[in-house]
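Please look over the sequence and the model shown below, and keep both at hand while you read this briefing.

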Amino acid sequence: VQLQASGGGLVQTGGSLRLSCAASGRTFEAYAMGWFRQAPGKEREFVAFTLWSRSRAEYADSVNGRFTISRDNAKNTAYLQMSSLKPEDTAIYYCAARTSSGTTLYRLRTVGAYNYWGQGTLVTVSS
């Protein structure tokens, strides 16, 4: 399984971007897909996740109400629509996939819950 993240770039404060994460692989079936981000000098942190076969998504408090995660199962692609961007949203954004169930929704907020990762896409928000 390979995950390809794209859509990052430079945007002004208050602007919007949409990130995409395309999954490929002969037998790819996700249980959940998530977005994480890592700013310089900081640990990778949870942003959002969506279950792949149920309508359930959760967000970090810092992005709730500004970011929306969605998926297109037919295209094996997850999206992260980011609005009202702030300079503190500047980071490398990573998408991740978990291909097995048997975890809690809480654990899907953690790096360790995912077994596949994309290469990251840089989002820079200028003030």
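Over the face of which ring does Arg-44 lie at 5.0 Å from the ring centre? Arg-44 lies at that distance over the face of Trp-117, where a charge sits over a ring if NZ of Lys or CZ of Arg is within 6 Å of the ring centre and within 35 degrees of the ring normal. This is a predicted model, in which local features need pLDDT of at least 70 and side-chain atom pairs count only at pLDDT 80 or more, while totals for chains, interfaces and linings use all residues. Residues are numbered from 1 along each chain as its sequence is written, and side-chain values use heavy atoms, with hydrogens and water left out.

**Nonpolar core**

- The largest nonpolar core has 40 residues, a core being a set of buried Ala, Val, Leu, Ile, Met, Phe, Trp, Tyr and Cys residues joined through side-chain atoms within 4.5 Å.
- Here buried means under 20% relative accessible area, exposed means over 50%, and partly exposed is in between (1.4 Å probe, protein chains only).
- The residues with the most contacts inside this core are Met-33, Trp-35, Leu-80, Met-82 and Tyr-93.
- Among the strands that each supply at least two residues of the core are β1 (2-6), β4 (32-38), β5 (45-51) and β9 (91-98); strands (E, at least two residues) and helices (H or I, at least four) are DSSP runs, numbered from the N terminus.
- Setting aside residues up to four places away in sequence, Met-33 touches residues including Leu-3, Cys-21, Phe-49, Ile-69 and Tyr-114, where contact means heavy atoms within 4.5 Å.
- In soluble globular proteins, nonpolar side chains tend to be buried together.

**Aromatic rings**

- The count comes to 5 aromatic pairs, given that rings of Phe, Tyr and Trp (its six-membered ring) pair if their centres lie within 6.5 Å, with planes under 30 degrees apart counted as stacked, over 60 as edge-to-face and the rest as tilted.
- Phe-36 and Phe-46 form an edge-to-face pair, at 5.8 Å centre to centre and with 70 degrees between the planes.
- Because Phe-36 lies in strand β4 and Phe-46 in strand β5, this pair ties together parts that are 10 residues apart in sequence, and both residues are buried.
- The ring centres of Phe-36 and Tyr-114 are 5.4 Å apart and their planes stand at 80 degrees, so this pair is edge-to-face.
- That pair links distant parts of the chain, 78 residues apart, with Phe-36 in strand β4 and Tyr-114 in the loop between β9 and β10 (116-117).
- Ring pairs link Phe-36, Phe-46, Phe-49, Tyr-114 and Trp-117 into a cluster.
- Arg-44 also lies over the face of Tyr-94, at 3.7 Å from the ring centre.

**Disulfide**

- The structure holds 1 disulfide, which is a pair of cysteine sulfur atoms within 2.5 Å.
- This disulfide joins Cys-21 to Cys-95, with 2.1 Å from S to S, and the link is right-handed, with 65 degrees about the S-S bond.
- Cys-21 in strand β3 and Cys-95 in strand β9 are 74 residues apart, and both are buried.

**Strand β8 and loop residues**

- Thr-77 is placed in strand β8 and counts as buried at 8% relative accessibility.
- Asn-76, in the loop between β7 and β8, has a phi near 50 degrees, a positive value in a residue other than glycine.
- Ser-84, in the loop between β8 and β9, also has a phi near 50 degrees, and Ser-84 is partly exposed, with a relative accessible area of 42%.
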